[in-house]
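Below is a short briefing on one protein chain, arranged by topic.

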Amino acid sequence: MSPSPPSSSPSPQARSRSRPARQLAVFSIHSTIFLSLISLRILNAVSVRTFFQPDEYFQSLEPAWNLAFGKGYLTWEWRHGLRSVAHPMIFAGLYKAIAYICNALYISPSQQAEVMVIAPRILQALFAAMGDWATARLAGRLWGSDVGWISLCISLGSAWQWFCGVRTFANSLETVVTAVALSVWPWTWATGDRNGPRTERGELRLSLLMAAVACVLRPTNIMIWGFLGAFALWNCGSKRTILIAEATWIGASVFLVNALLDNAYYGEWTFPPLTFLKFNVLQSLSVFYGRNDWHYYLSQGLPLLLTSFLPMALYALYTSTRTLSTFSPAFQLATTVLGVVGMYSAIAHKEVRFLYPLLPMLHVLSAKTLQDLKWSTKTKNRILAGMILLNIPIAYYTSLIHQRGVVDVIEHLGNTSSEWRSVGFLMPCHSTPWRSSMKTTEADKDMWALTCEPPLDLPKEQRAAYLDEADEFYKDPRAFVERYIGEGKKYAWSERLVAFEALGNIGGDGYEVCWRGFNSHWHDDWRRKGDVVVYCRRDVGEIV
């Protein structure tokens, strides 16, 4: 009898020796990809030169600057306990660490000031890279590596991500944390897949931890986990007790730690989400900052968020909900998106960034739908490339051109800080960044700006006629100046006045134009039209 042919498969010893090599190769590939994402997002961070909304500074960096150095602008929300200190504390720790390292290394104050301004953006760039990675991982776990790569391309090619992802909004970090939580969510339990990969307890706890942190950053994030948690509890069968137990102790622990942090900051026990609910919902103060039509998120929010990816995302929502299968991860994600958009639409005050945490879900659904199309790979690649290319001019214009003057003026004031001691901003409230974004080491500057605090103590029937300080100024600038600006009045005539071109020289012969910066080609607020102008006080001359 002839001998059997030798086996072509490697021996157990050979397989054992090759496993570390394969693991090293996978680790190297993943590390290279992640480092590339970090590099791209750092480039993203340093190239964004425009202004979006005040909360980027006044709900994160200014409270953080105040926490670290005792000199940051605190809006009324912080005086009334509407905000949790958790998010600003991240940047306060960064500021403290930079100050300690710079002092230890004898770095000059001017260089230290430069680092202080850019460091928060760099940190947010690291977070944004994690968000890109988590989005791709989520798609890869659910539908394979091809969909994962497509979702990564969509995330990197998104104009909104480029414009907003590296900004220091709580919404930006909330989006990243939500994406991380989704990427390790127990999808095997949530989809009732008993033949799927085993859910690791560590990943389950990480997912619940990230979900709880997202709810601390923005309490409205609980809507997302309300939908996804309901699906998981419905489908997980015998794992239901474990899921409830883990979610309970992890959620309680996170909210306890946050309560301790807020207690240390405010000096008393407070629960900002409840205070936020009281002021903005029960007292309807949020509408003071704008009221939108019920269809805002459909007609403006989603188009701004998705740009050229909107048609694919809408088709993805349609195809994903058509199955009506609660076991389908696509159905769960699509239902969550539609449900959250519907709930947000019922609130009078709307902003597109409130939908930002839904973007990773929309990206992975769009990637899956594109991959499932019965077209050739070449055609699908061309469609993907075309959608990304359409985002490039949008990202360029919004990140480098539109509303850059209000950022440039703070840089100008920082660069010339040795030439002035006081500056006043005769602009709509919070039109520019503030002290944390000014490259100066001099802390004794007198800076003032018009305010826009809501009518906290007025009954509802009197609020319609209420004018905040900025509104009162623009209603009659001359009368406001006579009443509030001058020696012995609320505001002194500063060495520098900053205003939009549309206002003109409110200081009269006592001031002259000493700097002008382009801000925007157009603006929906007539008060913000034209260049940003700095007026310098003359050595002699009459004011007004």
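How many bridges join strand β4 to β5, and do they run parallel or antiparallel? Six bridges join β4 (residues 511-517) to β5, and the two strands run antiparallel. The model is predicted: local features need pLDDT of at least 70, side-chain atom pairs count only at pLDDT 80 or more, and totals for chains, interfaces and linings use all residues. Residues are numbered from 1 along each chain as its sequence is written, and side-chain values use heavy atoms, with hydrogens and water left out.

**Confidence**
- The protein chain has a mean pLDDT of 91, with 93% of its residues at 70 or more; pLDDT is the predictor's confidence in each residue, from 0 to 100.
- Over residues 1-9 pLDDT stays under 50, and the model has zero contacts there beyond four places in sequence; contact means heavy atoms within 4.5 Å.
- Where pLDDT is low, the predicted coordinates should not be read in detail.

**Strands around β5**
- Strands (E, at least two residues) and helices (H or I, at least four) are DSSP runs, numbered from the N terminus.
- Two strands count as paired if DSSP finds at least two bridges between them.
- β5 covers residues 532-537, and five of its six residues are buried, so the strand is largely enclosed by the rest of the structure.
- Buried means under 20% relative accessible area, exposed over 50%, and partly exposed in between (1.4 Å probe, protein chains only).
- In β4's pairing with β5, Tyr511 stands opposite Arg537.
- Strand β3 (residues 496-500) also pairs with β5, in the antiparallel sense over five bridges, and Arg496 has Cys536 in β5 as its bridge partner.

**Buried helix residues**
- Leu359 belongs to helix α17 (residues 359-372) and counts as buried because its relative accessibility is 0%.
- Beyond four places in sequence, Leu359 touches Ser158, Trp160, Gln161, Leu305 and Leu306.
- The C-alpha atoms of Leu359 and Thr175 are separated by 7.7 Å, although these residues lie 184 residues apart along the chain.
- Gln112 lies in helix α5 (residues 109-143) and is buried, at a relative accessible area of 16%.
- Leaving aside neighbours within four places in sequence, Gln112 is in contact with Ala99, Cys102, Asn103 and Ile107.

**An exposed residue**
- Leu274 is found in helix α13 (residues 272-282), and counts as exposed because its relative accessibility is 52%.
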